Amino acid sequence: MEEDNKLIEERREKLKALRAAGQAYPNDFVRKDFAKDLSDAYGGKTKEELEKAAVRASVAGRMMLKRVMGKASFATLQDGSGRIQAYISNDVTGENDHEAFKHWDLGDIVAVEGRLFKTMKGELTVNAEKVRLLAKALRPLPEKFHGLTDHEMRYRQRYVDLVMNPQVRDVFLTRTKVIQSIRETLAAEGYLEVETPMMQPIPGGAAARPFKTHHNALDMDLYLRIAPELYLKRLVVGGIERVFEINRNFRNEGISTRHNPEFTMLEWYCAYEDWQYMIDLTERLVRAAADKPTVTYQGRELDFGKPFARVTIADAIRRQGIEGDLRDRDFLASRLKSLNVELTKEHGWGALQLMLFETVAEKHLVQPTFVTDFPAEVSPLARRRDADPELRRPGGDVLRRRLRARARVRHAALRRRRHRHRPAGDAAHGQPEHP
């Protein structure tokens with residue numbers, strides 16, 4: 001920490017000198033090229049071809065590497081698309097600019113203009129005719145050879161993670177493309193994208209602990225939404241028969257590197273369709289987002305080109321050689337005990353069947369697969385099967401009825417409270433009833 005403070009103080013002194021010389025943070029530079037575009041267009045050309053073409057480039061980026069070698073220096077610049085090398089020399093850049101460059105630090109934002117060439121090792125490089133310091137970085141970057149490996153810092157300072165780990169930038173780009181693909185696919189299916197309230201009088205739509213806030217003008221408590229369900233369904237009731245929202249939700253619960261109390265959710269609703277249609281649409285969404293038939297993930301090739309498998313929980317268990325009545329609690333309990341799985345007397349046959357599935361079958365489902373026919377007792381947020389009430393289709397019912405009942409009680413209390421504080425003549429602007 002003491003060393004970092006010393007480096008920061010040194011950089012502040014450099015910035016102070018730049019301000020005194022009127023050279024701090026110029027904003028008249030116009031970037032014309034990106035590192036990736038230059039690499040794609042000219043990375044395959046030979047030294048002779050580049051020399052003959054005399055390609056000019058104007059790039060800017062954060063200086064990630066720097067090598068000073070007397071009358072010449074190399075720097076690696078990183079922009080939003082990738083990295084490119086720059087060559088700064090007394091002969092081409094000029095002694096004064098080169099000398100100034102030697103005092104710049106890793107993390108500084110640097111602009112370079114010049115011609116492209118290839119080094120003896122074949123690396124595409126900009127031979128700098130002009131080099132400028134655009135922004136002074138006051139804090140040092142993490143150690144360059146090991147990158148940013150501290151998980152705590154990576155998640156608390158995502159901007160540093162993005163600077164030091166290029167693969168994280170790829171995740172951000174992939175996420176953006178996936179969301180765009182979802183929007184385009186749903187729009188092609190006739191769905192309308194909407195925005196619904198984040199602050200709601202009741203935390204409805206799911207079973208979770210909400211964040212609570214207070215509306216001063218109305219003198220009433222509100223909750224950050226835990227799901228957009230209630231408002232989206234109202235839109236369906238109002239006649240928008242296909243609707244979706246990619247929304248932020250907030251659940252005041254646990255946090256880890258894999259779970260965040262603030263997260264993005266996709267929900268869509270439509271009229272006159274059933275669960276089979278929803279499965280089909282989900283498959284189309286995933287296939288479109290994958291963008292190519294096969295994807296390698298954690299060393300395994302996933303095939304999104306062929307139809308996704310559909311299997312019931314019971315069939316998935318039987319595929320592992322387990323025969324017997326999978327609704328018989330005693331049978332299920334004996335099999336789980338033989339597998340050293342802990343269970344209690346409160347577990348019904350549905351919970352035991354799901355535990356057996358998770359123990360023996362789930363790990364074998366590698367390719368895209370829809371698992372259906374969940375026991376009713378373990379899937380309260382889905383409608384019961386008409387043909388078999390002990391099973392549920394793949395979404396609520398029992399818990400949803402409880403939520404609606406609780407919502408009606410809270411809603412009536414809020415209406416009474418608002419009526420006491422509502423100015424005269426404002427009686428027509430109350431909260432609408434639940435459809």
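In these legends a residue is called buried when its relative accessible area is under 20%, exposed when over 50% and partly exposed in between (1.4 Å probe, protein chains only). The model is predicted, so that local features need pLDDT of at least 70 and side-chain atom pairs count only at pLDDT 80 or more, while totals for chains, interfaces and linings use all residues. Residues are numbered from 1 along each chain as its sequence is written, and side-chain values use heavy atoms, with hydrogens and water left out.

View 1. Glutamate 229 is buried at 6% relative accessibility, whereas lysine 233, at 22%, is partly exposed.

**View 2. The salt bridge between arginine 310 and glutamate 283.** The N to O distance is 3.6 Å, and the pair links distant parts of the chain, with arginine 310 in strand 14 (residues 309–312) and glutamate 283 in helix 9 (residues 275–290), 27 residues apart. Arginine 310 is partly exposed at 38% relative accessibility, and glutamate 283 is buried at 8%.

**View 3. Aspartate 108 and lysine 136 in a salt bridge, with both residues buried.** The closest N and O atoms are 3.0 Å apart. Aspartate 108 lies in the loop between helix 4 (95–101) and strand 4 (109–118), and lysine 136 in the loop between strand 5 (124–135) and helix 5 (151–156), so the pair ties together parts that are 28 residues apart in sequence.

**View 4. The aromatic pair of phenylalanine 101 and tryptophan 104.** Rings of Phe, Tyr and Trp (its six-membered ring) pair if their centres lie within 6.5 Å, and planes under 30 degrees apart count as stacked, over 60 as edge-to-face and the rest as tilted. By this rule there are five aromatic pairs. In the pair shown, the ring centres are 5.6 Å apart and the planes stand at 75°, so the arrangement is edge-to-face. Phenylalanine 101 is buried at 1% relative accessibility, as is tryptophan 104 at 11%.

Conventions: Salt bridge = Lys/Arg side-chain N within 4 Å of Asp/Glu carboxyl O. Helix = DSSP H or I, 4+ residues; strand = E, 2+ residues; numbered from the N terminus.
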